[in-house]
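Hi everyone, thanks for making time for this one.

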Amino acid sequence: MQRISVTARLNRSTLQFEEAAYARLESYFAEAARTLAGNPDQAEILADLEQAVADQCTKRMRAEQGTVTLAELQPALEEIGSVQVPGAAGAADHPARTRCVPFSRSVKAP
């Protein structure tokens with residue numbers, strides 16, 4: 001038996017993800033959590049980050065498509081960029097992508 005999709009709630013949106021896309025999403029959020037742990041604006045910025053991911057995935061999906069694939073998720077994450085703390089090593093390399101975005105896990109499997 002193989003699980004085909006995983007349901008995840010991202011801020012105000014609930015989306016179905018293929019298994020590979022969900023694994024990538026978990027990895028993205030885990031990296032963000034490690035990078036930005038302890039930020040006092042964590043809850044607010046997390047909600048914004050989750051909504052940005054949901055919005056980017058939704059705009060890439062075809063109308064008849066019900067599940068986000070890795071093909072939609074990866075470019076969405078690339079457009080959002082990696083989460084970085086301003087002034088941290090590597091933040092100056094991508095100033096347009098520099099964000100003060102903490103993450104606490106709220107992506108849940110059914």
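Let me start with a question: does glutamate 79 count as buried, exposed or partly exposed, and what is its relative accessibility? Glutamate 79 has 45% relative accessibility, so it counts as partly exposed. Please keep in mind that this is a predicted model.

Now, who does this glutamate pair with? One partner is lysine 59: the two form a salt bridge in which the closest N and O atoms are 3.7 Å apart. That pair links distant parts of the chain, with glutamate 79 sitting in helix α3 and lysine 59 in helix α2, which covers residues 42–60. Lysine 59 has a relative accessible area of 55%, so it is exposed.

Glutamate 79 also forms a salt bridge with arginine 60, and here the closest N and O atoms are 2.8 Å apart. Again distant parts of the chain are linked, helix α3 through glutamate 79 and helix α2 through arginine 60, this time 19 residues apart. With a relative accessible area of 24%, arginine 60 is partly exposed.

How many salt bridges does a search of the whole structure find? The search finds three. Besides the two I've described, there is one between the side chains of glutamate 64 and arginine 62, at 3.0 Å from N to O. Glutamate 64 is exposed, at 63% relative accessible area, and arginine 62 counts as exposed too, at 52%. Shared partners join Lys59, Arg60 and Glu79 into one network of salt bridges.

Let's turn to how α3 packs against another helix. Helix α1, residues 19–36, and helix α3, residues 70–80, pack at an angle of about 20 degrees, and their axes are 8 Å apart. How do we describe that arrangement? Angles under 35 degrees count as roughly parallel, and α1 and α3 are therefore roughly parallel to each other. Their crossing is right-handed.

Which residues meet there? On the α1 side we have Ala20, Ala21, Arg24, Leu25 and Tyr28, and on the α3 side Leu70, Leu73, Gln74, Leu77 and Ile80. Sorted by class, this contact has eight nonpolar residues, one polar and one charged.

Thanks, and I'm happy to take questions!

Methods. Residues numbered from 1 in each chain as written. Predicted model: local features only at pLDDT ≥ 70, side-chain atom pairs only at ≥ 80, totals over all residues. Heavy atoms only, no water. Axes fitted to C-alpha atoms, helices over the stretch in contact; angles between N-to-C directions. Helix = DSSP H or I, 4+ residues; strand = E, 2+ residues; numbered from the N terminus. Parallel < 35°, antiparallel > 145°, perpendicular 65-115°, else oblique. Left-handed = near helix turned anticlockwise from the far one by under 90°. Contact = heavy atoms within 4.5 Å. Nonpolar A, V, L, I, M, F, W, Y, C, P; charged D, E, K, R; others polar. Salt bridge = Lys/Arg side-chain N within 4 Å of Asp/Glu carboxyl O. Buried < 20%, exposed > 50% of the residue type's maximum accessible area, 1.4 Å probe, protein only.
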